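The sequence and the structure come next.

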Amino acid sequence: MHSSESRLHQWLRQHRLAAFVLMTVSFVLFGAFSLDLVKLVTANAGLIAAHGWQALQDGGAQQLLELWLTAFAAIAAYLLFKLCEHVLVHGLSSRRR
């Protein structure tokens with residue numbers, strides 16, 4: 001165990017089955033959060049560009065904020081996926097035969 005590792009990283013190293021399950025869940029969440037995200041952001045930006053302040057007042061600003069929060073959630077799910085992947089790949093590659 002390295003002192004620079006986070007508690008989560010240490011826990012995942014000790015519980016590889018849980019890391020695999022968490023990796024699977026985060027993969028599905030990333031897919032769900034990012035599904036059509038670019039298309040929705042583009043549509044929102046087009047609405048705001050076409051109608052300006054009125055579009056922002058009519059809910060465009062709230063929708064834009066919600067889209068950003070969805071993007072942040074997608075990135076968090078992706079980072080969790082990558083952490084679990086790192087733990088599992090490192091664990092498999094460093095096993096002695």
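A residue is called buried under 20% relative accessible area, exposed over 50%, and partly exposed in between, with a 1.4 Å probe and protein chains only as cover. At 34% relative accessibility, lysine 82 therefore counts as partly exposed. The model is a predicted one: local features need pLDDT of at least 70, side-chain atom pairs count only at pLDDT 80 or more, and totals for chains, interfaces and linings use all residues. Residues are numbered from 1 along each chain as its sequence is written, and side-chain values use heavy atoms, with hydrogens and water left out.

**Salt bridges**

A salt bridge is counted where a side-chain nitrogen of Lys or Arg lies within 4 Å of a carboxyl oxygen of Asp or Glu. The structure holds three salt bridges.

| Glutamate 5 | Arginine 13 | 3.4 Å |

In the pair of glutamate 5 and arginine 13, glutamate 5 is buried, at 15% relative accessibility, while arginine 13 is partly exposed, at 28%. Lysine 39 has 56% relative accessibility and so counts as exposed. Because glutamate 85 and lysine 82 are three residues apart in helix α3, about one helical turn separates them.

Helices (H or I, at least four residues) and strands (E, at least two) are DSSP runs, numbered from the N terminus. Aspartate 36 lies in the loop between α2 and α3, the latter spanning 37-93. Most residues other than glycine have a negative phi. The phi of aspartate 36, however, is positive, near 60°.

**Helices α1 and α2**

Two packed helices are described by the angle between their axes and the distance between the axes. Here the axes are lines fitted to C-alpha atoms, for helices over the stretch in contact, and angles run from 0 to 180 degrees between N-to-C directions. The axes of α1 (residues 7-14) and α2 come within 5 Å and cross at roughly 110°. Angles under 35 degrees count as roughly parallel, over 145 as roughly antiparallel, 65 to 115 as roughly perpendicular and the rest as oblique. The two helices, α1 and α2, are therefore roughly perpendicular to each other.

Contact means heavy atoms within 4.5 Å. From α1, the residues Trp11, Leu12, Arg13 and Gln14 meet Arg16, Ala18, Ala19 and Leu22 of α2. Leucine 22 touches Leu12, Leu80 and Cys84, leaving aside residues up to four places away in sequence. With a relative accessible area of 28%, leucine 22 is partly exposed. The C-alpha atom of leucine 22 is separated by 15 Å from that of arginine 7, 15 residues apart along the chain.

**A nonpolar patch**

Which residues make the nonpolar surface patch of about 540 Å²? Leu17, Phe20, Val21, Val25, Leu29 and Phe33 make it. Patches are made of residues with over 30% relative accessible area and no salt bridge; like charges are joined within 9 Å and nonpolar side chains (Val, Leu, Ile, Met, Phe, Trp, Tyr) within 5 Å. Accessible areas come from the Shrake-Rupley method with a 1.4 Å probe, and for residues only the protein chains shown count as cover. Phenylalanine 20 lies in helix α2, residues 16-34, and is partly exposed at 45% relative accessibility.
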